Structures are given as C-alpha cells and as structure tokens.
Amino acid sequence: MAGLPYIVGNWKMNGTRAMLNEARAIDRAAARFPKVQVGIAPPATLIHRMRESVDLIGIGGQDCHVEENGAYTGDLSAPMLKDAGADFTIVGHSERREYHAENDAHVNAKAQAALSSGLAVILCVGETEAQRDAGDAEGIVTAQLEGSCPIVDGAPEKLSVAYEPVWAIGTGRVPSVEDVAAMHKAIRAKLVAIYGDAGADVRILYGGSVKAENAAELLAVPEVGGALVGGASLTAESFLAIVGAAVSLVD
Ligand code: PGA
C-alpha cells in the first residue's frame, strides 16, 4: 500500500454526546498506530465537541453547501465546518446523491468549496447494482469522477476518492477482491487522466460493508489506500479492529 493507510468512520445520522466516548477511545488507540491515519465524520452537531475531546484523529463533515453563507435553511457551509473544528468533509456520498438529488455538478462544486475553505475532501463514487449487472460499473464510476473531481491548483493532495458500490453499503455484501482491484485500477487511470502525474498520489479508499473480518483482505488490494467505514465505525471496538488490520499491513 503506497502512503499511510487512511481509515475513516462515517457515522452518518448516528450519535449524540454519549458517543464521544467512542471517539475518545479511538483517539487514545490512534497514539499506538502512528502509521495509520484515522478520521471520523460525526454528525455536524458533534464536530465541535469532538474537536475538544480528541487530539490525534481527523474530524470531518459528511457534506457541505457550495456557498459560504446565505438563505439556505438547514444547510452548512464548508467554512462553518472548518470553524467548528473539521479537517475534512465527505462529499457525494450515495445517500446524498439519492436522498438529496445531488448530481456530479453539485458534488464538484461542493468539493471545490471545501478545498477553497482549507478542508480536505473525500469524494465518493460508486455504481448501483443494476449498473453493475448491466456491465456498466467502470463507465459509471469514471463518468462520476469526470463530472465531480474538483479543479485544483497544483497537486490534489487534499483530495481522496472513496469507491463505494451502492449495493455494498450497509448490506453486508462486498465485491470480490478482483472486482475491487479492477475498479481501483480504473479509478487510478482516470485520476491520472484528470490530474496528470499528481493523480497517481490521490488516495483511493474502498467503502461498503467494511468490517474486521474483511478489512485485511480489502486493504491488501492494489490501489486500495484505506477504507470508508459506516456501521462498523460506530463503536471503538469494531472500528479499531479495522484500524488494526491496516496496521498489520504497514508494520
Ligand atoms: P457501511 O457504510 O460500512 O455501513 O456499509 C459505508 C458508507 O456508507 O460510507
């Protein structure tokens, strides 16, 4: 695996103050794992408190608006996430694409807004089951990258891409190692086409039903630079088992 593996928990719409104990436990353990980069994207309501509760792990938003402020009831901007203590934000998660009708142009603008505000970005792409069954998976994902990758000055070092097949999210199903390898190779080629040589350094995470039992196998796939973890990131115990799998690959 090139570079430090990046293991990120996406808490989605889960978590009140009581869950900060899990973040603290993850943060304490992270001190023992300096060769793995760890982040958590809690609900935005917890970003500020989490910032005050942890020292080592990164903290992220799960989305951001394209504008810095304005009449957008219920939305949060990238500078607001940054001000609350976030280091990064996820954009383009399939749950945002599906339930909030976000398309590649929106995701592109959000990624751009986040980077302009100094946040790192995890940009999610992934095909549906019907698209995979139709043999279109790589075409869909590379088209998503084409439409949603932000224009950056110089190297896109604050950008990571997360490949998350929609049908693998929260289902317990994961693609075969061969399919993950093929998709990550296609994503790498597209990133190099978009960013030139700098595209070779963009981290590509795998997400979708990652858990302790399959993490080592998935993280060992060429071009898999980490994992975006939903359900299994909600307790320190299950999340740290995944971090531990990453540690064993780099030690
Ligand atoms: P899951 O979610 O690990 O619960 O499948 C992953 C994600 O949506 O990022």
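Trainee: Between which helix and which strand is the loop that holds glutamate 223?
Mentor: This is a predicted model, where local features need pLDDT of at least 70, side-chain atom pairs count only at pLDDT 80 or more, and totals for chains, interfaces and linings use all residues. Residues are numbered from 1 along each chain as its sequence is written, and side-chain values use heavy atoms, without hydrogens and water. Helices (H or I, at least four residues) and strands (E, at least two) are DSSP runs, numbered from the N terminus. On that numbering, the loop with glutamate 223 runs between helix 9 (212-219) and strand 8 (226-229).

Trainee: What is phi of glutamate 223?
Mentor: Most residues other than glycine have a negative phi. Glutamate 223 is not a glycine, yet its phi is positive, near 75 degrees.

Trainee: Where is lysine 12, and what is its phi?
Mentor: Lysine 12 is in the loop between strand 1 (6-10) and helix 1. Lysine 12 is no glycine either, and its phi is positive, about 55 degrees.

Trainee: Which residues come nearest to the ligand?
Mentor: A residue counts as near if one of its heavy atoms lies within 4 Å. There are 13 residues around the ligand. Those that come nearest are Lys12, His93, Glu164, Gly170 and Ser209.

Trainee: How many residues of each class are in the shell around the ligand?
Mentor: Ala, Val, Leu, Ile, Met, Phe, Trp, Tyr, Cys and Pro count as nonpolar, Asp, Glu, Lys and Arg as charged, and the others, Gly among them, as polar. The shell has 4 nonpolar, 7 polar and 2 charged residues.

Trainee: How far is an oxygen atom of the ligand from a backbone N or O atom of glycine 170?
Mentor: For serine 209, a backbone N or O atom is 2.8 Å from a ligand oxygen. For glycine 230, a polar backbone atom is 2.8 Å from a ligand oxygen. For glycine 170, the value is 2.7 Å.

Trainee: How much of the ligand does the protein bury?
Mentor: Accessible areas come from the Shrake-Rupley method with a 1.4 Å probe. Taken alone, the ligand exposes 280 Å², and the buried part of that is 94%.

Trainee: Are helix 1 and helix 10 roughly parallel or roughly antiparallel?
Mentor: Helix 1 (residues 20-30) and helix 10 (residues 236-250) pack with axes 9 Å apart, at about 30 degrees. Angles under 35 degrees count as roughly parallel, over 145 as roughly antiparallel, 65 to 115 as roughly perpendicular and the rest as oblique. Helix 1 and helix 10 are therefore roughly parallel.

Technical notes: A polar contact is a pair of N or O atoms within 3.5 Å; within protein, one must be able to donate a hydrogen and the other to accept it, and residues adjacent in sequence count only if both atoms are side-chain atoms. Axes are lines fitted to C-alpha atoms, for helices over the stretch in contact, and angles run from 0 to 180 degrees between N-to-C directions.
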